[in-house]
Amino acid sequence: MDFWGTVLIVLRRWYVALPAFLLSIGAAAGVYSSIPTLYVSNAVLVLTIPPTGGSLPSDPGRPNGLTNPLLNFDWGLSMSASILVQVISAPETVESLGVRPEGDTTFTVTNGSTNPESLDGGPFVYIEGTSRSPSEARDIVTRVRDRARIELAVRQRQLNAPPATYITMNEMVPPTEPQPQRTGKTRGAAAALLLGVLAGLAAVFSLESFLDARRRRGRVPPAPASGLPAEPSLLRR
């Protein structure tokens, strides 16, 4: 059936299509209002080497030269960022930060790559917190940031690294103001509206098929079982 044929059927059965469409709009509005709004806050951290570099001078009388930390990057910083991502994402660490599987607050930590073991993301740590509460979304980002700093210091101390060579963590973007994310609400409402419209079209075409079949039965009387011509009385019925 072509497009205009479908339109004509819908217009002819408007008394079915219109209520179905209104019910679809109501269902979409109900779904939209029932899905809670989520708020998202973000932070970006960068790891840097001290201005004197990552090693102590062999001759104390000839100290290392000073370097701009933002001009001194190597794969070691990317490795450290990857380690931090995996440590913070561990279930034990997630639980210690107050995030529960059944709770409304979650967070993700990445190094800019979908694979936390990849070093392509560079010396960056990206934190994203999500919650129904704007304050809690920002608070979880702050807690993860502070925990990342603690874990970085602990790992370096465990490796007996000289304190003067410790990698430092700097905030490139502090925890941002939580922003509402309504993508899930919009998708749910759109899905409800689409299903409602499809159900309405199905009802329209079902009614059209039923009435069409009824009209055909009224025009062509059924043949008698014996194969003989039907009696006039039966035809009139």
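Colleague: Leaving aside its neighbours within four places in sequence, which residues is Gln179 in contact with?
Modeller: Gln179 belongs to strand 5, residues 179–181, where strands are DSSP runs of E of at least two residues and helices are runs of H or I of at least four, both numbered from the N terminus. A contact requires heavy atoms within 4.5 Å. With neighbours within four places set aside, the partners of Gln179 are Leu38, Tyr39 and Val40.

Colleague: What pLDDT do side-chain atom pairs need in order to count?
Modeller: Residues are numbered from 1 along each chain as its sequence is written, and side-chain values use heavy atoms, with hydrogens and water left out. This is a predicted model, in which totals for chains, interfaces and linings use all residues, local features need pLDDT of at least 70, and side-chain atom pairs need pLDDT 80 or more.

Colleague: How far apart in space are Gln179 and Asn42, C-alpha to C-alpha?
Modeller: Gln179 is partly exposed, at 42% relative accessible area; buried means under 20%, exposed over 50%, and partly exposed in between, with a 1.4 Å probe and protein chains only. In sequence, 137 residues separate Gln179 from Asn42, whereas in space their C-alpha separation is 9.6 Å.

Colleague: Among contacts between residues at least 6 apart in sequence, what share joins residues at least 24 apart?
Modeller: The chain has seven helices and five strands. In sequence order they follow α-α-β-α-α-β-β-α-β-β-α-α. Of the contacts between residues at least 6 apart, the share joining residues at least 24 apart is 75%.

Colleague: Over how many bridges do strand 1 and strand 3 pair?
Modeller: Two strands count as paired if DSSP finds at least two bridges between them. Val46 has Phe124 of strand 3 as its bridge partner. Strand 1 (residues 38–48) and strand 3 (residues 124–131) run antiparallel, and their bridges number eight.

Colleague: Which residues form the covered face of strand 2?
Modeller: Strand 2 (residues 106–110) also pairs with strand 3 in the antiparallel sense, over five bridges. In strand 3, Gly129 is the bridge partner of Phe107, and Tyr126 that of Thr110. The uncovered face of strand 2 holds Thr106, Thr108 and Thr110, while its covered face holds Phe107 and Val109.

Colleague: What is the N to O distance in the salt bridge of Arg143 and Glu136?
Modeller: Arg143 is partly exposed, with a relative accessible area of 25%. Glu136, also at 25%, counts as partly exposed. Their side chains meet in a salt bridge with an N to O distance of 3.5 Å.

Colleague: How much space lies in the largest pocket?
Modeller: On a 1 Å grid over the protein atoms alone, a pocket is an open set of points where a 1.4 Å probe fits, with protein on both sides within 12 Å along at least five of seven lines, and lining residues have an atom within 4 Å of a point. The largest pocket has 15 lining residues, with Ser80, Leu152, Gln156, Leu159 and Ile167 nearest its centre. Helix 3 (75–89) and helix 5 each supply at least two of the lining residues. The volume, the space filled by probe spheres set on grid points joined across faces, edges and corners, is about 280 Å³.

Methods. Salt bridge = Lys/Arg side-chain N within 4 Å of Asp/Glu carboxyl O.
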